Amino acid sequence: MRRRILLVDDEVPVLLTLKAVLEISGFDVDTAASAREGVSKLHTREYQMLITDMRMEHDVAGVEVIKAARAADYHPAIALLTAFPVAEEDWQEMGADKLLVKPMHTRILLQQIEDLIASHERKLAALGLPTTAAKAPAKTAAKKKAVVKKAVVKKAVVKKAAKRTLTKKLAPTKTAVKKKPVAKKAIAKKVTKTAVKSKPARRRT
């Protein structure tokens with residue numbers, strides 16, 4: 001299953017570049033160009049990770065997005081992306097799991113994202129909390145079951161329609177079979193009548 005990440009940043013060039021890099025690396029990426037849009041998407045879809053900028057509509061807009069992610073019942077990993085370094089105790093207090101400082105080399109960025117997702121999944125498992133990865137098999141199984149059920153119903157409908165069509169095609173044939181002896185009887189009667197007419201008269205002695 002492709003892991004889903006939500007990117008929130010009001011700098012469109014940064015947003016699109018990071019989205020392209022992550023998608024090439026096998027992630028499913030949604031984007032939001034404001035804190036408000038980011039919060040809305042967190043409420044409508046499930047993500048394994050959130051990467052959000054800090055300064056957007058205002059200097060601490062990223063905190064609103066982090067709070068929304070923390071309140072989500074699917075528990076995504078959270079990274080704070082910023083060009084302005086923040087003290088470790090500050091970004092941890094905000095609720096972030098990792099601080100990503102831009103610009104950053106692509107290879108290093110991808111490695112940090114992979115490490116964060118893996119460590120976050122382990123942390124959730126240790127706490128006995130559900131994870132997006134754990135939910136995936138159940139959803140896939142349910143989807144597969146629905147597809148199989150739909151196929152069975154479709155097959156039954158097609159079979160019924162075929163049977164109905166076959167019955168209609170056979171109906172005229174049955175009628176013809178019933179009428180055939182009548183025609184044969186009429187021919188036999190005609191032959192007998194002709195034979196009687198053509199029989200020579202017996203001579204008197």
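Colleague: In which helix does Asp90 lie?
Modeller: This is a predicted model, where local features need pLDDT of at least 70, side-chain atom pairs count only at pLDDT 80 or more, and totals for chains, interfaces and linings use all residues. Residues are numbered from 1 along each chain as its sequence is written, and side-chain values use heavy atoms, with hydrogens and water left out. Asp90 falls in residues 88–94, which form helix 4.

Colleague: Is Asp90 buried, partly exposed or exposed?
Modeller: Let's start with the cut-offs: buried means under 20% relative accessible area, exposed means over 50%, and partly exposed lies in between (1.4 Å probe, protein chains only). The relative accessible area of Asp90 is 36%. That value makes Asp90 partly exposed.

Colleague: How many residues of strand 4 are buried?
Modeller: Strand 4 covers residues 77–82. On one side sit Ala77, Ala79 and Leu81, on the other Ile78, Leu80 and Thr82, and all are buried. Strand 4 is therefore largely enclosed by the rest of the structure, and its buried count is six of the six residues.

Colleague: Which residues of strand 3 point the opposite way from Met49, Ile51 and Asp53?
Modeller: In a regular strand, side chains alternate between the two faces of the sheet. Five of the five residues of strand 3 are buried, so this strand too is largely enclosed by the rest of the structure. Met49, Ile51 and Asp53 point one way, and the residues that point the other way are Leu50 and Thr52.

Colleague: Over how many bridges do strand 3 and strand 4 pair?
Modeller: Two strands pair if DSSP finds at least two bridges between them. Met49 stands opposite Ala77 in strand 4, and Ile51 stands opposite Ala79. Strand 3 (residues 49–53) and strand 4 run in the parallel sense, and the number of bridges is five.

Colleague: Which residue of strand 3 is the bridge partner of Leu6?
Modeller: Strand 1 and strand 3 run parallel and are joined by four bridges. In strand 3, the partner of Leu6 is Leu50.

Colleague: How many residues apart in sequence are the parts tied together by Arg3 and Glu114?
Modeller: The side chains of Arg3 and Glu114 meet in a salt bridge (2.7 Å, N to O); the term means a side-chain nitrogen of Lys or Arg within 4 Å of a carboxyl oxygen of Asp or Glu. Arg3 lies in the segment before strand 1 (4–8) and Glu114 in helix 5 (residues 106–127), so the pair ties together parts that are 111 residues apart. Arg3 is partly exposed at 24%, and Glu114 is partly exposed too, at 30%. The separation you asked for is 111 residues.

Colleague: In the salt bridge of Lys102 and Glu11, what is the N to O distance?
Modeller: Lys102 is buried, with a relative accessible area of 15%, whereas Glu11 is partly exposed at 39%. Their side chains meet at an N to O distance of 3.5 Å.

Colleague: What relative accessible area does Asp97 have?
Modeller: The side chains of Asp97 and Lys123 form a salt bridge (3.7 Å, N to O). This pair links distant parts of the chain, with Asp97 in the loop between helix 4 and strand 5 and Lys123 in helix 5, 26 residues apart. Lys123 is partly exposed at 43%. Asp97 is buried, with a relative accessible area of 18%.

Colleague: Is the peptide bond from Lys102 to Pro103 cis or trans?
Modeller: Pro103 lies in the loop between strand 5 and helix 5. For the bond from Lys102 to Pro103, omega is near 0°. The bond is cis.

Colleague: What value is phi of His75 near?
Modeller: His75 sits in the loop between helix 3 (61–71) and strand 4. His75 is partly exposed, with a relative accessible area of 24%. Its phi is positive, in a residue other than glycine, and is near 50°.

Technical notes:
Helix = DSSP H or I, 4+ residues; strand = E, 2+ residues; numbered from the N terminus.
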